[in-house]
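Please read the following paragraphs alongside the coordinates, taking each region in turn.

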Amino acid sequence: ETVGYAALDARADALAARLRAAGVRRGDTVGVLLERGAPLVVTALAVLKCGAAYVPLDPALPGARIALMVQDAGVRLVATDTGQAGAVPEEVSVPVLLTDAPAEGAPPADHAAVAVDGDDLMYVMFTSGSTGRPKGVGVTHRNVTELAADRDTTSGGPHRMLVHSATGFDASVFEMWVPLLNGGSLVLMRGDGTDLAETARAVREHGVTAAYFTVGLFHVMADEALDTLRLLREVWTGGDVASPTAVQRVLTHCPDTALVHSYGPTETTFASHNQWLTSGRGSLGATGLHLGRPMDNTRSHVLDAALRPVPPGVPGELYIAGTHVARGYTGRPDLTAERFVPDPFEADGSRMYRTGDRVVWTPEGELRFLGRADGQVKLRGVRIEPGEVEHALAAHPSVGQALAVVREDRPGERTLVGYVVPRAGSEATGAPDVTGADVLALARTVLPAHLVPSAVVVLDAVPLTVNGKPDRRALPAPDRTAVGYRAPRNAREEVLCGLFAEILGAPRVGLDDNFFTLGGHSLLGVRLVSRVRSVLGIDRTVRDLFRAPTPAGLLGAQDPDGTAGAMGVLLPLNTRGTRRPLFCVHPGTGVGWSYAGLARHLGEDQPLYALQARALSEPGHLPRTVEEMADDYLERIRQVQPWGPYRLLGWSFGGIVAHTMAVRLRAAGQRVELLALMDVHQTGPGSVSVLPAPEPDAAPDEDALPEAADPVLDGFSAEEIRAVQRASETHAALMARHVPEVADTGAVFFTARRPGEPEGALAATWNPYLTGRVENHTVNSTHLRMAEEEPLSHIGKVIAEKISALQENTLRENETRSYS
């Protein structure tokens, strides 16, 4: 559906007349319970034409939550449609108007908009509350028009904005009203905005020029969807501090995209400060990420407890003043007085908002975020008051004490976890033992999804510090182990279960184990479906995952024998472990299965992947150069490990490609910390042969199929063998034309023992093409049998020792940094 400005205005006028006929007046609040789409924009505008304020009500919220919001905002009427009317709770007693139902009687003749003042409320948006009750932030027309007129939001002219944020979050205000008030366009997406494939289609097909992503989603986009970000003129991110690594990755790969690192609580109308990382900037620079400069008509004060300014270098609390500061908390005068305080630096009676954020001025005049002055936390860009979550958990009749904590049991993956202690005496009363599942079930009836813990742990007692306060650091990690494990039955299921385990950080995942029960959430779901698509070639969406959250359900009835994907470009051999992965490039056959034997020598904590020739899964694919293959494989590697340092291994022709990948990585500013080469010969122009004589088994008859030389190919079909043969011929031709460049690394070299060949002679031929030392290890094997059990044991042992040394060096460097 496409709606122009004139049609939007006419439809809003007609609906506004119906709202006025239903009793809506200036100063009222109207609940808008609709999915994202054109009718939502029409309805919100119609409410404003009545002089009222709209209250976005997400149909996905629990009924109890919607009822509470309606009550606290003093809603006069709820506007919804026939599809969402069932989401209006029974306890909501105000009238309900169906926006898509035919108007009763003659159409109202009154289409005149009601005049409003800049200080009239425009919307009420709810945020998490520390007392267990959410707070409704009342934002005025002046607040929003100031946001829309700011130099930051008008930069670059009218935008075609992607609208995908939840309607109950203030990012939707930026997405909807800034373009509409500046003559721009809206591209409204259905769903929860986490489907990367849908986002890519919307951006590409509708010419989107700007988009906002919460920090959590921005990190996923930086890993999985750089091609989408590259199409945008502006990318905004906020809600939490972004990862400098993710920011640098976007700056490097999207040179024509301006990146805006935005800060501002809901109480300051979406944003108060922005750091612009402008188009063409290749590096984040020495200043790194900070809160940015204040927006127009916004003032920043860093104050001590007595509201006195603190000098640069001294931490203080951030207070924000100016025209972005909201009216206050609707119906909560006590809380408003606590957080919206008189501005002692102005004589006009204006107020400052006390953010609760601890910041510091740098000598360069930049604001840097240090943490919170209270218990509030941010999770995936959303503000969470632990007290509200704890209040919901404690509402269970068998719970005596409750805590809510954000944990980071895996680097970069923060989750909300609840802890409860059974009520004293509950056993004596015969009450059943409380379980985490029981408490979660109740919490889901009152909390929105982003406030529901990923797990609830039942404790005998809460651990305490010496001061008698809860010791949050001593709380145990939740046990994610599933009950009733059903093992995968074939290769496809095993790989998929491994991907589930990899993304969730679980020791193992069975066919029937629920992704969300094991701690998954929508952003982890984005990573999972992206990995499933790249590794297995299965096209699934996050919505599919919500419908079928188990490996068996996600796989469905497709590929019953589990053979598809075995010839894919990136073949996961071990997806578990916390170390940096080792990526192994196929030999001349193009098949990477032979590296599977390395896994047992490297240990369970070492992720292991093989790269295979694209021609095996895409008949007709014909790379023109080794460099083209290297770039293709690096794109696949970055889907697993976005940033270096990298660990690469290549056997025979695969060593040529791995070396070229190291060259390309260095050119991209990335480091290779391990390059392992297994008996790699150069045959290109200017190369020197050190072979004393051809090996008897190294040159099979040209008419023979490759399975005669490579036992890994046993069992391949005739068509698969032909694909391998074509790939082998292509790779031999590429190798004969290739001239290596210099890679900024050393190498661990494994030479097949050949009678009459000087020790280390083949390894020495690589010295001109490496800046570091070439360390040679001679293996008792012929060239073609290096991946058999005995030689691979030797190779695996050496590589395992090298990786262990790298791990120890990393630990020492981290310890040095922590004490410096």
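In this predicted model, Glu673 has its place in strand β29, which comprises residues 672–678. With a relative accessible area of 14%, Glu673 falls under the 20% limit and therefore counts as buried. Its side chain makes a polar contact with the side chain of Arg647, at 2.6 Å. When neighbours within four places in sequence are left aside, the residues in contact with Glu673 are Arg580, Pro645, Tyr646, Arg647 and Leu806.

Pro645 is found in the loop between α20 and β28, the latter being residues 646–651.

Helix α20, residues 626–640, packs in turn with helix α21, residues 653–667, at an angle of about 70° and with the two axes 9 Å apart. This angle lies within the range of 65 to 115 degrees, so α20 and α21 are roughly perpendicular to each other. On the side of α20 the contact is made by Val626, Glu627, Met629, Ala630, Asp631, Tyr633, Leu634, Ile637 and Arg638, and on the side of α21 by Phe653, Ile656, Val657, Thr660, Met661, Arg664 and Leu665.

Elsewhere, three strands form an open sheet with mixed pairing, in the order β22-β23-β24. Because β22 (399–410) and β24 (455–458) each have a single partner strand, they stand at the edges, and one side of each is left without a neighbour in the sheet. Neighbouring strands here are turned by 30° against each other on average, when direction is ignored. The pairing of β22 with β23, residues 413–422, is antiparallel and extends over nine bridges; within it, Val405 has Val417 of β23 as its bridge partner. Two helices accompany these strands: α12, residues 386–394, lies across β22, β23 and β24 and runs at about 130° to β22, while α13, residues 436–443, packs on the sheet, touching β22, β23 and β24, with its direction at about 135° to that of β24.

Finally, two residues other than glycine have positive phi values. Asn297, with phi near 55°, lies in the loop between β13 (293–294) and β14 (298–303), and its relative accessibility of 47% makes it partly exposed. Leu307, whose phi is about 60°, lies in the loop between β14 and β15 (316–322) and, at 29% relative accessibility, is likewise counted as partly exposed.

Terms used. Residues are numbered from 1 along each chain as its sequence is written. This is a predicted model: local features need pLDDT of at least 70, side-chain atom pairs count only at pLDDT 80 or more; totals for chains, interfaces and linings use all residues. Side-chain values use heavy atoms; hydrogens and water are left out. Axes are lines fitted to C-alpha atoms, for helices over the stretch in contact, and angles run from 0 to 180 degrees between N-to-C directions. Helices (H or I, at least four residues) and strands (E, at least two) are DSSP runs, numbered from the N terminus. Angles under 35 degrees count as roughly parallel, over 145 as roughly antiparallel, 65 to 115 as roughly perpendicular and the rest as oblique. Contact means heavy atoms within 4.5 Å. Buried means under 20% relative accessible area, exposed over 50%, partly exposed in between (1.4 Å probe, protein chains only). A polar contact is a pair of N or O atoms within 3.5 Å; within protein, one must be able to donate a hydrogen and the other to accept it, and residues adjacent in sequence count only if both atoms are side-chain atoms. Two strands pair if DSSP finds at least two bridges between them.
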